[in-house]
Amino acid sequence: MQREVGSLPLAPALRARLAAAGFQTAQELLETGPCGLSKELGISKEEALEALQVVRQECHGDTARTARGSGATRKFTALELLEEEQAQGFIITFCSALDNMLGGGVQLTKITEICGAPGVGKTQLCMQLAVDVQIPECFGGVAGEAVFIDTEGSFMVDRVVDIAAACVQHCQLIAEAQREEDHLKALETFSVESILSHIYYFRCRDYVELLAQVYLLPEFLSEHSKVRLVVIDGIAFPFRHDFEDLSLRTRLLNGLAQQLIITANDHKSAVVLTNQMTTRIGQSQSTLVPALGESWGHAATVRLIFHWDNSQRLATLYKSPSQKEATIPYDITPRGFRDVQPPAVAPSADGTERNPRKRPRREEEKQ
Amino acid sequence: MDWDQFDLNPKTVAALKKADIKSIKEILNFSEADLQRLMKLSSADIQCLLKTVSRTLRKNSMLTALQLYQDKDHLTSQHQKLSLGCSVLDNLLKGGIPLVGITELAGESSAGKTQISLQLCLCVQYPYEYGGLESGAVYICTEDAFPSKRLHQLIDQQHKLRADVPAEVIQKIKFGNSIFVEHAADIDTFHKCITKRLSLLLARGMVRLVVIDSIAALFRCEFGVSESVTKARYLQTFGAQLHSLSTRFRTPIMCINQVWYQNCCSFYRRVMMQSLVVGNRVAPALGITWANQLLMRLMASRVSWPGQASGVASHCTGSLRTLRVVFAPHLPPSSCYYTVQLEGVKGIK
C-alpha cells in the first residue's frame, strides 16, 4: 500500500500527471477515489477507474507475493545460492572429457554458447543434448524435455533417431549390468518414440519469427513444465544479413539475451545457443572469432569454441564463471557425440573404432 | 496491416493506428520502453500486445520430433530427397540431396561437378516414386556457356542410366523443355536473376531445383582486404536469399564451387582458408563466410593413381573420381568412387 506511484505499471503520461499533482503513494490514489482523481488530473472518469483498478491489482499482488516469499523481491544469502546451485542438475553430453571440463555437463539455469566453423559438430552436440536431457533420473539424467528452435534448417530427424537409439541402448546396458528395480521401470517409458515425442521443434525463418518465438517461450515453458533445455540453432544466422543498422541488431540481441536469461532462471532450464565464426583481420595476422560482435560475448555465461587441429576436433572452454580454461578432443560417431577412442584399443568385431590413419569409408564397406 | 483482425484491446488498436505502425516486424523491432512511449500505453498493455502479435505470427508452428519422423507425405516429409540417379551415390547421401537448404559441390576443374549437376537436372523431372520432384530445373551459368551438347547426349542415354525406371515413363518426360538456362556473369545480374527470375519460376511451380555453376566465378576478381566487408555482405545476402527461396518452395539449391590451393594463395585467401583446410592442400573457395550458409558440402576430386583402389578400376573406362561428404548434419564424413560415362555419372561400389 505504501508503493510509490512511480513504480506502478501505468502509462508514462499518466504517471507524469500524478507526479505533477503531488500524489506519491498508491495509498493516496486509492483514498481519493475515481471522481476526485479525474477532477484533479483532468482525465476522463473511465481512465481514472482503469488506473485505480491497476493500482488495486498491483497492491493485492504485492501482498500475496510477500506472503508467498517468491518472485523478484526475495532475498537470498550466498550460502543458499551455493546450495541451490550445487543441487542443480547437469545435462551430460556422453563425452566425459567435455563433461569434466564443464564441471559435470551443461548446467541448468545458465546460457551456454557453442561457437565453431561449419561442420565441426555444433548441431550434433545440440541434438545429443536434446536426447540426453530426457535420460531418467535413476541413470543420472534430469528427466526433462527439450525445445529445439531451428533457424538454419539443419535439424535432420534421422540423425536424432540414431542418437536416441544409442542412448537407449546405453541405458539398457547399465540396467542389465546393475539389475535394479527402478532402472527397469524407467526403461519401460524410455524409448526412441518417447524421446522424439518430447523434443518440441520450432522452425524460424527470419529474426522476426525468432523474436516472436522467444516472447512466447515463457508461456510455452509454463504449459510444458518438464522442459529443461532450450536450444537455439543457430542464433547468428538470422542476424547476419538484412541489417543496415547495426545498432538495431545489437539492441535486439541484447533484448533476446535478457529474455533468455530470465527464461533460463525462472524455469530452471539450460539454454544452449550455437554461433558462427567470422574472420577478424588484424595488422599482421587474422583470427577466427565468434560472430555477432563484442557485446554479444557478454550474453552467454559459458562459451565453448569448437575447432579443428588437422583432423582432430577440439573443444575449448573459452569463458566460464567457475571452471578453468581447457581444451579437450572429442569425436562425432554414428552414435553421436563421444570421447575420442584411444587408438591402442584393438578393433572390435563390428569395426566401429576409427583408425585415424585410414581414409574414412562408409560403415557398410567395412566388411 | 489490418489491426482490427487481431485479438487486441480497441485502445491498443487505436494507439497502433495513431502511431502509424504498419507491421509486426516494426513492433518487434522496437524495445518495450520505446513502444510504451510511442503508443502511450502501460507496460501490461504492451506485454499483452507483444504476446498477441507473437502468437498470431507463430500459430501452429510447433511440431514434435516424432511428428517430423512419422511424416511420410512427400510434400512435407524430411525423408523426401532428390535422387542423384545412381543408387551408389544415393546411398552415400542416405537418399540424395535434401530438399531444403543449400548444398555445395566443390572440386578442382574437370572433377565432374558439371556432370553431376546436369544429371541432377534430369533426375528432378522424374516422378516422386523414382526419386524426382516432377518438376524442372534452373541452371544459372556464371562463366562458361551451358553444355547443351552434353545435355542432349545425357537425355538420349537416360534409359541406360535409369534402368530402374520403366521405358514408357522415361519417354513421356520432355527433358529439354523443363531446364531453364540463365546467364549471370557479374554480381548485379546474378542478384537480379535470383530476386526476380528465380522467384517467378519457383512461384509458378515450374522448377524444383536450382543449380548455380559456379558461385566462385562471381567473386573471382581479387577483392582487396578493404573490400572484404563488401564481399562478405554479398555472400551473406545471396546466401540468405537462396536459403529463403529454398525454404519457401522446398527446393534444393546446388551451388558449384571451385577450390583454392594452399600454396599459391594470397595472404587474404590463406586467411579465408584457415578453418577449412583439414589435412588437404586444397580448400573450397570463398572462405568461411560462404561455408556458414551451407547445409551440406560435397567435394569431388580426381583420384591421383587410378589403380590404387584394388579391384575397383579394372572394369571402368573413364578415370576414377571420388565424391566425399565434407560436412552434413545427417551424414558421417565418407566417400565413394564414381566415373563419368556416356550415360552419366555412376558410382562404384
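User: In S14(B), which residue is the bridge partner of B:Tyr337?

Analyst: In this predicted model, residues are numbered from 1 along each chain as its sequence is written, while chains are lettered from A and ligands numbered from 1 in the order in which they are written. Local features need pLDDT of at least 70, side-chain atom pairs count only at pLDDT 80 or more, and totals for chains, interfaces and linings use all residues; side-chain values use heavy atoms, with hydrogens and water left out. Strand S13 (residues 335–341) of chain B pairs with S14(B) in the antiparallel sense over five bridges (two strands pair if DSSP finds at least two bridges between them). Within S14(B), the partner of B:Tyr337 is B:Ile348.

User: How many nonpolar residues are in the contact of H11(B) with H12(B)?

Analyst: The axes of H11 (residues 187–203) and H12 of chain B come within 11 Å and cross at roughly 5°. This makes the two helices H11(B) and H12(B) roughly parallel, because angles under 35 degrees count as roughly parallel, over 145 as roughly antiparallel, 65 to 115 as roughly perpendicular and the rest as oblique. Among the residues that meet are B:Phe190 and B:Leu198 of H11(B), with B:Phe238 and B:Leu242 of H12(B). Of the contact residues, four are polar, none are charged, and the nonpolar ones number eleven.

User: Is the crossing of H10(A) and H11(A) left-handed or right-handed?

Analyst: The axes of H10 (residues 207–223) and H11 (residues 246–266) of chain A come within 10 Å and cross at roughly 20°. H10(A) is therefore roughly parallel to H11(A). A crossing is left-handed if the near helix is turned anticlockwise from the far one by less than a right angle, and right-handed if clockwise. Here, the crossing of H10(A) and H11(A) is left-handed.

User: Which strands are the edge strands, each pairing on one side only?

Analyst: Let's look at the sheet that involves both chains. Its ten strands form an open sheet with mixed pairing, in the order S13(A)-S12(A)-S11(A)-S10(A)-S3(A)-S7(A)-S6(A)-S4(A)-S5(A)-S1(B). At its edges are S13 (336–338) of chain A and S1 (62–64) of chain B.

User: In S5(A), which residue is the bridge partner of A:Ile149?

Analyst: Strands S4 (residues 145–150) and S5 (residues 199–203) of chain A run parallel, joined by five bridges. In S5(A), A:Ile149 is partnered by A:Phe202.

User: How many residues does the hairpin from S8(A) to S9(A) run through?

Analyst: S8 (residues 277–281) and S9 (residues 286–290) of chain A run antiparallel, with five bridges between them. One of the facing pairs is A:Thr279 opposite A:Leu288. The residues of the hairpin that joins S8(A) to S9(A) number four.

User: What is the omega of the cis peptide bond from A:Asp233 to A:Gly234?

Analyst: A:Gly234 lies in the loop between strand S6 (227–233) and H11 of chain A. Chain B has a cis peptide bond joining B:Asp213 and B:Ser214, with omega about -5°. For the cis bond from A:Asp233 to A:Gly234, omega is near -5°.

User: What is the phi of A:Phe94?

Analyst: A:Phe94 sits in the loop between strand S1 (90–91) and helix H5 (96–102) of chain A. Although A:Phe94 is not a glycine, its phi is positive, at about 75°.

User: Over which residues of chain B does pLDDT stay under 50?

Analyst: pLDDT is the predictor's confidence in each residue, from 0 to 100. Chain B averages 86, and 89% of its residues score at least 70. The model as a whole scores ipTM 0.90 and pTM 0.84. The stretch of chain B under 50 is residues 311–317.

Technical notes:
Axes are lines fitted to C-alpha atoms, for helices over the stretch in contact, and angles run from 0 to 180 degrees between N-to-C directions. Contact means heavy atoms within 4.5 Å. Ala, Val, Leu, Ile, Met, Phe, Trp, Tyr, Cys and Pro count as nonpolar, Asp, Glu, Lys and Arg as charged, and the others, Gly among them, as polar.
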